[in-house]
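Here is a short tour of one protein model. Keep the sequence and the structure side by side as you read.

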Amino acid sequence: MRDNARRYPFSVLPTGQSACYDANGWEIPCARSGREAAFANPALTTPRFVTAGDGLISDRATGLIWPVDAGLSGFPLPWAETLHRVAAFAAEGLLGRADWRLPNRRELRSLVSYGAARPSLPPGHPFRNVFLGWYWSSTTAAPAPGYAWYVHLEGGRMFYGKKDQDCLCWPVAGSSWLPATGQDRCFDVLAREIACAGTGQDAALLSGTPWPSPRFEPDRDGVRDRLTGLVWAARADAADGPVAWEEALRVAATFRNGDWRLPDINELESLVDAGRHHPALPAGYPFTAVGEAYWSSTTSAFEKNWAHALYLHKGAVGVGVKSSREFLVWPVRGPLS
C-alpha cells in the first residue's frame, strides 16, 4: 500500500484553504463559522513536492510525477495535437520516463490549491513556467463530446473547451490513489465516438482507483459514498431552492441533527461521474431532488467575495458571488479529520 494511501484512507484531497472569509471577502475568525477551514483537515505530507530525478517532481500527496517545467509543450495546441505531443514525450523517453500521459481531469485538478491564486498551486511549489490560463486534460466533456475538460491555473476553475482550440499541456507520469473519473468512452474532435486503443484519452488509460460496487449505501439519515467515506443528504436540496452563500452555510450547519456541514469543493467534485451528464452522477445514484448547481464552503482565493460551486449537470467547477441567491445546498458529514 502506498504511503499516501495510508495517509488519505478516503479519496478526497484537502483543498489547501486555511483562512475564513465573509460574504464581502473580509477575513473572519474560523471558529463555528461553517467555512471549510473551520473544520479539522488532514495535513498534507510535508514537504509535498520532492525531486524525483532531473527535471522531475514527485507529488507525495498523490504519487504522481510531474515535470518541473509546466511549459514543456512550448506553445498552446489543439486537444488532438496535445495528445500526440504527449505520446511523443513517452516515445522519446522525455526526462528518462516512457509513461507520460495527458492527465485526466482529477489528476490535473489534484495540483490546484484553493488557498492560492495566480497561480492556484500550493505555496512554495517548485514548478516553473506555469501559465495563468487553461491546461488540457485527457477527459472528454460528456455533455459535449466535441469538447474536453481543462483547468484554469489562475484561479482553479474547471470547465470544458472546444477540442480545436489551443491550450497548454502539462504531462504526468506514475500512478496514484486518486479515483478514476468514470469516463469509459472516447471521442474525436468532431464528437464522434471512436475506439479507445492508442488514443491516450482518459477512457483509454482508465487511470486511478476503480470505484467500489455498489458505490452508495444507506447510512442512518443519509447516503454513504463508499469511495470517499462521506455521507450525503439523501435529498440534494436542503434549502428548497437556491440561496446565498452564507445562508447555505447556516442551512447545512443546522440540518437535521446538526453534525452536517456545507461540503468543500473537492468533496463536491468527488461525486462527479465524468462519463455522464444532466446530472454528472454515477448511474443508479440514490439521491432525490438533484439540481443543477451547488455551493461549496470554499472561498475563491482569486476574489474572496466569491465562492466555488459545482455545476452538477455538467460536472464543472466554477464560482459564484457569495451574495447571490444562485446555488443549492447539499449537506455532507463525515471524514475530514
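## A buried aromatic pair

Phe127 counts as buried because its relative accessibility is 7%. Buried means under 20% relative accessible area, exposed over 50%, and partly exposed in between, with a 1.4 Å probe and protein chains only. Trp170 is buried too, at 0%.

This is a predicted model, where local features need pLDDT of at least 70, side-chain atom pairs count only at pLDDT 80 or more, and totals for chains, interfaces and linings use all residues. Residues are numbered from 1 along each chain as its sequence is written, and side-chain values use heavy atoms, with hydrogens and water left out.

The whole structure holds 18 aromatic pairs. Phe127 and Trp170 form an edge-to-face pair, with 4.9 Å between centres and 90 degrees between planes. Rings of Phe, Tyr and Trp (its six-membered ring) pair if their centres lie within 6.5 Å; planes under 30 degrees apart are stacked, over 60 edge-to-face, and the rest tilted.

One aromatic cluster is made of Phe216, Trp232, Tyr285, Phe287, Tyr294 and Trp330. Charges also meet rings. Arg215 lies over the face of Trp211, 4.6 Å from the ring centre. Arg261 has its charged end over the ring of Phe39, at 5.7 Å from the centre. The rule asks for NZ of Lys or CZ of Arg within 6 Å of the ring centre and within 35 degrees of the ring normal.

## An open sheet

Four strands form an open sheet in the order S11-S12-S13-S17, with antiparallel pairing. Strands S11 (216-219) and S17 (332-333) are the edges, each pairing on one side only. Strands are DSSP runs (E, at least two residues), numbered from the N terminus, and two of them pair if DSSP finds at least two bridges between them.

S12 (residues 222-225) and S13 (residues 231-233) pair over 3 bridges. Val223 stands opposite Trp232 in S13.

## A pocket

The largest pocket has a volume of about 370 Å³. A pocket is an open set of points on a 1 Å grid over the protein atoms alone, with protein on both sides within 12 Å along at least five of seven lines; lining residues have an atom within 4 Å of a point. Grid points are joined across faces, edges and corners, and the volume is the space filled by probe spheres set on them.

The lining has 20 residues, and Gly182, Gln183, Asp184, Trp211 and Asp273 lie nearest the centre.

Notes:
On a 1 Å grid over the protein atoms alone, a cavity is a set of points where a 1.4 Å probe fits but cannot get out, and a pocket is an open set with protein on both sides within 12 Å along at least five of seven lines; lining residues have an atom within 4 Å of a point.
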